[in-house]
Amino acid sequence: MSHTPTQGPPKPRIGPVRITVPSRSDAFLRKFTEVIGGPLGRHSSPGRISPGFFTVERVLIILTVIAALLAVASKNACRMNGWGGTNAYAWACYSDWTSLFHARGFAENPFAPFATGAEFEYPVLMSVVASLTAALIPAGEYNRALAFFDLNFLLMVGLWMVVVIATARTAGRRPWDAAMVALGPGIILAGSINWDMWAVAFLALAMLAWSRQNAFLAGVLIGLGTAMKLFPILFFGAVIVLAIRTGRYRPLWVSLGGAALAWTAVNLPLAVVNFDAWKHFFTFTEDRGAGLSSFWHIWNVTAAAVPGMATLDASLINVLAMGLFVASCAGIAYLGLRAPVAPRLSQLVFLIVASFVMFNKVYSPQFVVWLIPLAALAWPKWKDFLIWQLFEVLHFWAIWMYLYASTADIKASNTFPTSFYVFAVLGHMIATGYLMYRVGESMFRPELDPVRRVGQLDPQAGAFAGAPDKFVLGGRRGL
């Protein structure tokens, strides 16, 4: 008598993971999809079916190209008429690239930052990038500063695309969140002010490497990013908190080792050859006063107009800014160790970098470029993102109008008053603080976190993925 053998339970099918769609998952965006037929149907399965040529990443690149065209259009008044005089302020098209090309000697010597007596106020790797791009500008009787701008702009757009794709891949099942980076108004307006996008790209790639459990590569990228701009080093603040919660310290030491090796390899040659040029960045940073649009600058602007209100000098600002930033980092560490569930890496990195921006004695308009990719990973809610960006755009225009009124021969009645600039700075700080609050709230109420709501614990967790808590302030309160 034959019989059919008993079969075990069917094996799970392994295939592409279903991704989230903004028109489904974001209530704010869902309202604006009627003009294109409404939100995506519930029976469709994005991520599991072939979209043809228009994959998510290709669409994101197309969006970035469109945004880049808007970015160059926003600078076109200066491209056509020059950056001289008050043009850059009147038309809000200022760029460090064109002013530094002549002011720091790149027009005469492409490698001016490395010459004897050089005073280039940026870290080593940024000096390398500036010098190499300047070296590619041929000598001749033409507008070489414009050529320098255009070359750096093209490189910036390429880096912008890298950041978009890295963010999409780091976001796990939410690659469309990278559209915030592709279309961010702050990047459109401020991405071409300075070389900050290089450091942003290094940090974005480091977070992608970390999410793929390559701690050493992540550390190397952070070291290179820190050699471009200081803020990528703040990544390790988040790693320290997660290492304490999980008791896994090896990824921290491995990534720190990679960062130290990369930073030293870049910095040591110049420090040996021309120590004075190498240290100028550090001495300049310490000695400079309050930068435009920092809280400390508007304090001094207000103090100048209010009898009896004291202004703050550079040394006092250094102490206050550092004290507030250290206190904010301690508070973020407390939140990270107290939260019922281990925070996501991007939540912690965003909070730390945002605190640095808020309390730093320098706030340049392009600093918003640092925050947009982190915000897209930490709090991908389009309504909050666009409100925040509205205040950043308002601040962007306010600072140029303030500088125009301060430098041009113009009647006070024909421009915005200084109080408008002060309130615009406060407005963008409050909007950034609101985003920080929402991120902090989602750490304590994981059900509010858009990333966790689609079934992801932390797509950036890397070596900490799946690790149970070993230390939580107040006792173990979650899984």
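The model is a predicted one: local features need pLDDT of at least 70, side-chain atom pairs count only at pLDDT 80 or more, and totals for chains, interfaces and linings use all residues. Residues are numbered from 1 along each chain as its sequence is written, and side-chain values use heavy atoms, with hydrogens and water left out.

I shall begin with the helices. Helices here are DSSP runs of H or I with at least four residues, strands are runs of E with at least two, and both are numbered from the N terminus. Two packed helices are described by the angle between their axes and the distance between the axes. The axes are lines fitted to C-alpha atoms, for helices over the stretch in contact, and the angles run from 0 to 180 degrees between N-to-C directions.

The pair to consider at the outset is helix α11, residues 196-211, with helix α12, residues 215-228. Their axes lie 8 Å apart, at an angle of about 170°. That angle makes α11 roughly antiparallel to α12. For orientation, under 35 degrees counts as roughly parallel, over 145 as roughly antiparallel, 65 to 115 as roughly perpendicular, and the rest as oblique. On the α11 side, the residues in contact are W198, A199, F202, L203, L205, A206, A209 and W210; contact means heavy atoms within 4.5 Å. They meet A215, L217, A218, L221, I222, L224, G225 and M228 in α12. What is the make-up of this contact of α11 with α12? Its residues divide into 15 nonpolar, one polar and no charged. In this scheme Ala, Val, Leu, Ile, Met, Phe, Trp, Tyr, Cys and Pro are nonpolar, Asp, Glu, Lys and Arg are charged, and the others, Gly among them, are polar.

Helix α14, residues 250-273, packs with helix α15, residues 275-287, at an angle of about 125°, with the axes 5 Å apart. These two helices are therefore oblique to each other. W263, N267, L270, A271 and V273 in α14 meet F275, W278 and F282 in α15. This contact of α14 with α15 comprises seven nonpolar residues, one polar and no charged.

I turn now to charged side chains. How many salt bridges does a search of the whole structure find? The search finds 13, a salt bridge being a side-chain nitrogen of Lys or Arg within 4 Å of a carboxyl oxygen of Asp or Glu. R344 and D449 form one of these, with their closest N and O atoms 2.8 Å apart. R344 lies in the loop between α17 (314-338) and α18 (345-359), and D449 in the segment after α21 (418-444), so the pair ties together parts that are 105 residues apart in sequence. D449 also meets R452 in a salt bridge, at 3.6 Å from N to O. Both R344 and D449 are buried, where buried means under 20% relative accessible area, exposed over 50%, and partly exposed in between, with a 1.4 Å probe and protein chains only. The relative accessible area is 0% for D449 and 14% for R452, which is also buried.

Another bridge joins R174 to D177, with 2.6 Å between the closest N and O atoms; both residues are buried.

Beyond four places in sequence, E392 touches Y363, V368, H428 and T432.

T432 is also among the contacts of L371, together with F350, V353, A354, V357 and W388, again leaving out residues up to four places away. L371 lies in helix α19, residues 368-378, and is buried at 1% relative accessibility. Its C-alpha atom is 6.9 Å from that of A354, 17 residues away along the chain.

Finally, A68 sits in helix α3, residues 56-74, and is buried with a relative accessible area of 8%. A68 and G158 are 90 residues apart in sequence, and their C-alpha atoms are 9.9 Å apart. Not counting residues up to four places away, A68 touches F153, V157 and W160.
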